[in-house]
Amino acid sequence: MKKSSSILINKKNITAIALGGFDGMHIAHQELFKNLGTNGGIVSIESDYANLTPRTYRQEYSKYPIYYYILQNIKHLDGKEFIALLKEEYPNLKKIVVGFDFCFGKNRKNCINELKELFDGEVVVIDEVKIDGIAVHSRVIRDYINDGNIKMANKLLGKEYKIFGTQIKGQGLGSKNFVPTINLNVENFILPTEGVYITKTIINEEELPSVTFLGHRVSTDGSFAVETHILDKNITNRFSLVQIKFLDKLRGNRKFDSFEELKKQIEMDIKEAKEFFQSKSSIDN
Ligand SMILES: Cc1cc2nc3c(=O)[nH]c(=O)nc-3n(C[C@H](O)[C@H](O)[C@H](O)COP(=O)(O)O)c2cc1C
Ligand SMILES: Nc1ncnc2c1ncn2[C@@H]1O[C@H](COP(=O)(O)OP(=O)(O)O)[C@@H](O)[C@H]1O
């Protein structure tokens, strides 16, 4: 995982910034970054609901250093004061890159015209980015993830949706009665709707085909779990950090009346996931 590089790059070196929330670091955000040039930086204004790419994990999605500001701390500033703050923070600032809908200052009273009036450098405005006619925005991607529509979410993200977790102890039922799984504690990320997903699990920088159950274990202890079964591999180590990339949804969560029925279904899920990876590798080759 890439650590934030903003602590290493002096703000005095920054000549261009992109401004916004940047939760998701999605395709439209990347369009903004293309205009930053060599000494660019990303100014991320943090609200409470950044859960596609919580800030600890965001730097991985851009080569430009990300500088964070808490919305709560700056929302009282009017337009002029906000621009003054940027000039003070980035004394060599020459260019600001924003999207068509960017607004700023107390009550979001100032938008593109005011930005051009108040800032004495260049202002680059990116037109609305759409994919298949759908406007790309963090809230739209969150809705797709909530619905379990991983394929659309990934299309708008321009990458596979990824969450991070720490390994925790499971019920100890998996290896004995079903299949072995890595159980995860996941914080801060939005999770897809309950069900079974085709995934890739990253442990020790190795990306492994897997199938992941996420939801209340309504057939066993009823508790909420995120657990991933690595296909065709026996994993015995414990891991402090496990990453899961979602590729597609297989089915919703279900209650089974017996362990035998659940086991049969899990075996079918695994078969489907394997077929997915096999057909993918024959397309890729
Ligand atoms: C591919 C897969 C699909 C699963 N589907 C369901 C399900 O539909 N309903 C359910 O209650 N539990 C489901 N589970 C969770 C199992 O109940 C769980 O793996 C079992 O309780 C073992 O948990 P443990 O790893 O904590 O021991 C699924 C698990 C896997 C690996
Ligand atoms: N679909 C888009 N097309 C063009 N610019 C966008 C788009 N979505 C966001 N932006 C721009 O990216 C920056 C970050 O915006 P933000 O509000 O965090 O994104 P989102 O709308 O996805 O929540 C802003 O300058 C915003 O105007």
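Start at ligand 2 and select its shell of 20 residues, in which G20, G21, A28, G99 and S138 come nearest (near means a C-beta atom, placed from the backbone, within 6 Å of the molecule). At least two shell residues each come from β1 (16–20), α1 (27–33) and β4 (95–99), and α1 gives the most, with three. These elements are DSSP runs numbered from the N terminus, helices being H or I of at least four residues and strands E of at least two.

A word on the model: it is predicted, so local features need pLDDT of at least 70 and side-chain atom pairs count only at pLDDT 80 or more, while totals for chains, interfaces and linings use all residues. Residues are numbered from 1 along each chain as its sequence is written, with chains lettered from A and ligands numbered from 1 in the order in which they are written.

Next, show the open sheet with strand order β3-β2-β1-β4-β5 and parallel pairing (strands pair if DSSP finds at least two bridges between them). Which strands stand at the edges? They are β3 (66–70) and β5 (122–126); each has a single partner strand, so one side of each lacks a neighbour in the sheet. Zoom in on β2 (residues 40–46), which pairs with β3 over five bridges in the parallel sense; I45 stands opposite Y69 in β3.

Now select the largest nonpolar core, of 28 residues, where I141, I145, I150, A153, Y161, Y197 and F246 touch the most other members. Such a core is a set of buried Ala, Val, Leu, Ile, Met, Phe, Trp, Tyr and Cys residues joined through C-beta atoms within 7 Å. Apart from this core lies another, of 23 residues, including A16, M25, V43 and Y90.

Finish at L184, in strand β9 (residues 182–185). Is L184 buried or exposed? L184 counts as buried because it has 24 C-beta neighbours inside 10 Å (20 or more is buried, 12 or fewer exposed, in between partly exposed). Try the distance tool on L184 and T228: they are 44 residues apart in sequence, yet 8.1 Å apart C-alpha to C-alpha.
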